Amino acid sequence: QTECLQNFKLVEVLMGSKQVQRMVLDNQELILNRLKDVRKTSIRQMNQTRFYIVENSKSIVRVNLFVGGLPPQLSPEEYTHILKDELAIKTNVVSVSHVYQAQGAVVLEISCFSEAERIYMLVKDTTVNDKPLNAVVIPEVMASKIPQNCCPLLVFVNPKSGGLKGRDLLYSFRKLLNPHQVFELTNGGPLPGFHTFSKVPSFRVLVCGGDGTVGWVLGALEEIRPKLVCSEPSVAILPLGTGNDLGRVLRWGAGYSGEDPYSILVSVDEADDVLMDRWTILLDAEEPAEGAENGIAEPEPPKIVQMNNYCGLGIDAELSLDFHHAREEEPGKFNSRFHNKGVYVKVGLQKISHTRNLHKDIKLQVDQHEVELPSIEGLIFINIPSWGSGADLWGSESDNRFEKPRIDDGLLEVVGVTGVVHMGQVQGGFRSGIRIAQGSYFRVTLLKPIPVQVDGEPWIQAPGQIIISAAGPKV
């Protein structure tokens with residue numbers, strides 16, 4: 001029995017919100033007494049504590065540390081140079097094992113615990129080019145030991161989505177799964193999670209957050225896809241917050257309302273795979289953005305964004321922009337769907353009497369053909385049959401001019417709205433939008449600055465060209 005004890009050790013694991021802490025206990029220690037001590041400190045901490053019996057092995061010290069927030073598109077040597085200057089890394093125990101140039105991130109392999117801890121703590125107080133760095137300790141997944149029929153789940157949680165529900169889900173999933181499968185998106189974004197699973201032969205993803213969070217994860221997946229052994233993992237959604245049009249279309253619901261997290265995992269396990277188109281939008285301004293001094297500034301470099309749901313120009317984007325500004329001024333008030341809807345209605349009412357002529361300010365080409373626009377205030381490109389929190393903008397009537405819309409047909413639908421009242425009627429289910437076109441390649445010419453929004457992210461776009469085309473493989 002003594003010999004048996006020597007081969008194993010007792011490990012206590014605390015699954016906190018920011019990190020997972022691990023402590024080896026004395027073999028003589030009684031788990032129940034230990035748990036009682038933890039409970040005296042905090043009941044929440046007790047709920048987040050687990051115990052494991054682990055086989056002893058000669059461990060080699062190897063800490064993998066993900067460091068993000070660095071300048072993008074540098075060489076490994078340049079990143080090493082920056083880390084030497086800013087963090088005084090000791091190259092005899094620290095090496096750069098992976099470089100993600102497009103994202104300005106590196107993974108360090110460190111063979112000394114004290115050096116790893118020093119770098120981890122220092123990164124949190126370091127900025128490079130006025131941008132704060134971030135650090136995440138990366139667990140090492142032994143891909144060769146994963147059974148062939150095993151398809152683990154990689155979970156991303158945005159704790160800022162849906163009030164405090166995201167934070168609670170983070171704790172729940174860390175208890176239900178191996179805590180190293182669950183990544184907090186506010187701590188380094190999606191890249192640390194995808195890097196951790198990069199050698200796993202087959203895995204799936206669960207994203208807990210709003211449509212913006214899903215877009216963030218899908219964008220990161222697109223960038224890291226060439227470095228993944230499982231290059232096309234299926235993605236499930238647990239919708240948090242407001243909007244959640246993609247969650248509705250894929251039948252995950254309008255928003256999380258406190259269901260048992262275990263039942264969510266069962267739903268993910270039983271879900272069917274479907275394919276979905278994604279789109280690349282190139283925004284090429286020909287004039288400097290507003291606010292440039294004396295108008296002498298250089299035009300902005302072309303901007304590329306990915307789209308999953310829809311892209312709106314005109315009144316639709318203008319309402320999003322006003323809502324966005326209101327939320328930035330008083331973020332604490334925007335934690336209920338009911339309040340958010342109320343603000344949208346209020347913003348919309350202020351726009352009712354406004355008259356604009358969007359059709360005179362833009363030109364549209366669909367698949368190389370000029371399309372004449374009717375008298376509209378908003379032009380919307382839709383990839384999924386849900387817009388503005390569940391409305392059907394295209395409508396269900398059959399029309400010989402167009403194919404029946406699908407999310408995987410390589411086509412986008414183009415719809416016009418005549419103003420705020422029309423948008424309200426669409427949201428109420430009384431009308432649909434004005435069908436304008438269907439195609440796979442679009443060029444929009446902006447003749448003046450116009451509000452634009454892509455998947456709920458709004459801004460004012462300077463005059464120039466917007467090109468919309470299909471992105472890489474369907475997801």
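Colleague: How many residues sit between β5 and β6 in their hairpin?

Modeller: There are 4 residues between them. This is a predicted model, by the way.

Colleague: Switching to helix α10. Which residues are buried there?

Modeller: P261, I264, L265 and V268 are buried in α10, which covers residues 261-270. Looking down the axis of α10, the buried residues fall within an arc of 100°, so they line one face of the helix.

Colleague: What's on the face turned away from that buried side?

Modeller: That's where α10 carries the exposed residues Y262, D269 and E270.

Colleague: What do the buried ones pack against?

Modeller: They pack against β10 (153-157), α6 (165-176), β12 (204-209) and β13 (235-239).

Colleague: OK, new topic. How many residues does the largest nonpolar core have?

Modeller: It has 30 residues, and F66, L154 and F194 are among those with the most contacts inside it. The largest share, 6 residues, comes from α8.

Colleague: Why does this core lie between domain 2 and domain 3?

Modeller: Because domain 2 (63-137) and domain 3 (143-270) both give residues to it.

Colleague: What does F194 touch?

Modeller: Leaving out residues up to four places away in sequence, F194's contacts include L154, F156, F203 and V217. There's also a second, separate core of 28 residues, which includes L283, L373, V444 and L446.

Definitions and conventions
Residues are numbered from 1 along each chain as its sequence is written. This is a predicted model: local features need pLDDT of at least 70, side-chain atom pairs count only at pLDDT 80 or more; totals for chains, interfaces and linings use all residues. Side-chain values use heavy atoms; hydrogens and water are left out. Two strands pair if DSSP finds at least two bridges between them. Helices (H or I, at least four residues) and strands (E, at least two) are DSSP runs, numbered from the N terminus. Buried means under 20% relative accessible area, exposed over 50%, partly exposed in between (1.4 Å probe, protein chains only). The arc is that of the directions from the helix axis to the C-beta atoms. Contact means heavy atoms within 4.5 Å. A nonpolar core is a set of buried Ala, Val, Leu, Ile, Met, Phe, Trp, Tyr and Cys residues joined through side-chain atoms within 4.5 Å. Domain bounds come from an automatic or database domain assignment.
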